[in-house]
Amino acid sequence: ITGLCTQDLHQIDVKKGKLQQHEDEMEELLKLMSLNQSALEEAERKYDNIVRYKNMLAGDNVVPTILPSDRESWVDRFYAAVDLPENDFEETKIKYSEIQRISMDFLEAAAKCATLIVEEMFLPNHMKSIRPVEKRAADGRACEGGRGQKGLRYKYEKHGIRFKVLIDDDGVFDGSDEFAAKLG
């Protein structure tokens with residue numbers, strides 16, 4: 001019976017190895033697909049810019065469009081809006097309306113993500129809607145002092161915004177997360 005069990009265990013190990021190999025191949029294919037999709041989107045964006053530029057040279061009134069991929073490029077959008085002309089009342093109105101729109105979009109995205117991160121803070125990482133992109137050990141005697149989340153600090157990123165939950169994982173405020181957040 002032990003011979004059969006050993007043989008079964010060996011077959012299971014072989015199948016696990018093949019499964020891992022297939023998972024690795026699938027991951028590589030997904031990366032390639034993602035790169036191809038990104039290249040296609042970049043080519044489409046460049047083509048749209050060329051058409052817009054040709055129309056502008058022809059004297060057409062060109063209204064700038066923001067692609068979904070550029071919608072979360074907050075700094076680029078802001079500087080593009082700041083650079084808009086202010087030659088007359090209508091242009092000034094368009095410029096400041098766009099700056100206001102960028103600010104409102106940013107605040108909305110940041111508030112939703114921050115709320116979600118705080119609500120899910122004590123869930124295991126694999127169950128979080130927004131997963132950490134960076135982790136590091138909390139300063140000081142993190143594990144012994146119960147600082148951080150199991151001795152670690154996490155950073156999150158979503159919609160082009162980087163988030164860090166400010167809690168007293170360094171022990172500077174004697175465990176007061178409220179004071180740590182205010183220092184932020």
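My entries follow in the order I looked things up.

**Confidence.** I'm working from a predicted model. The chain's mean pLDDT comes to 80, and 83% of the residues reach at least 70.

**Sheet.** Next I traced the strands. I find 3 of them in an open sheet, ordered S1-S2-S3, with antiparallel pairing. S1 and S3 (161-164) are the edge strands, each pairing on one side only. I followed the pairing of S2 (residues 152-158) with S3, which is antiparallel and runs over 4 bridges. In one spot I looked up, Lys-158 has Ile-161 of S3 as its bridge partner. H3 packs on this sheet, where it touches S2 and S3, and its direction makes about 35° with that of S3.

**Glu-120.** I went on to the loop between H3 and strand S1 (132-137), where Glu-120 lies. Which side chain of opposite charge is nearest to Glu-120? I get Lys-128, 7.2 Å away. A salt bridge would need the charged atoms within 4 Å, and Glu-120 has none, although Glu-120 is buried. Leaving out residues up to four places away in sequence, I list its contacts as Lys-128, Ser-129 and Ile-130. So Lys-128 turns up both as a contact and as the nearest opposite charge, by the 4.5 Å heavy-atom cut-off for contacts.

Methods:
Residues numbered from 1 in each chain as written. Heavy atoms only, no water. pLDDT = per-residue confidence, 0-100. Helix = DSSP H or I, 4+ residues; strand = E, 2+ residues; numbered from the N terminus. Buried < 20%, exposed > 50% of the residue type's maximum accessible area, 1.4 Å probe, protein only. Lys, Arg positive; Asp, Glu negative; His and termini not counted. Pairing = 2+ DSSP bridges. Axes fitted to C-alpha atoms, helices over the stretch in contact; angles between N-to-C directions.
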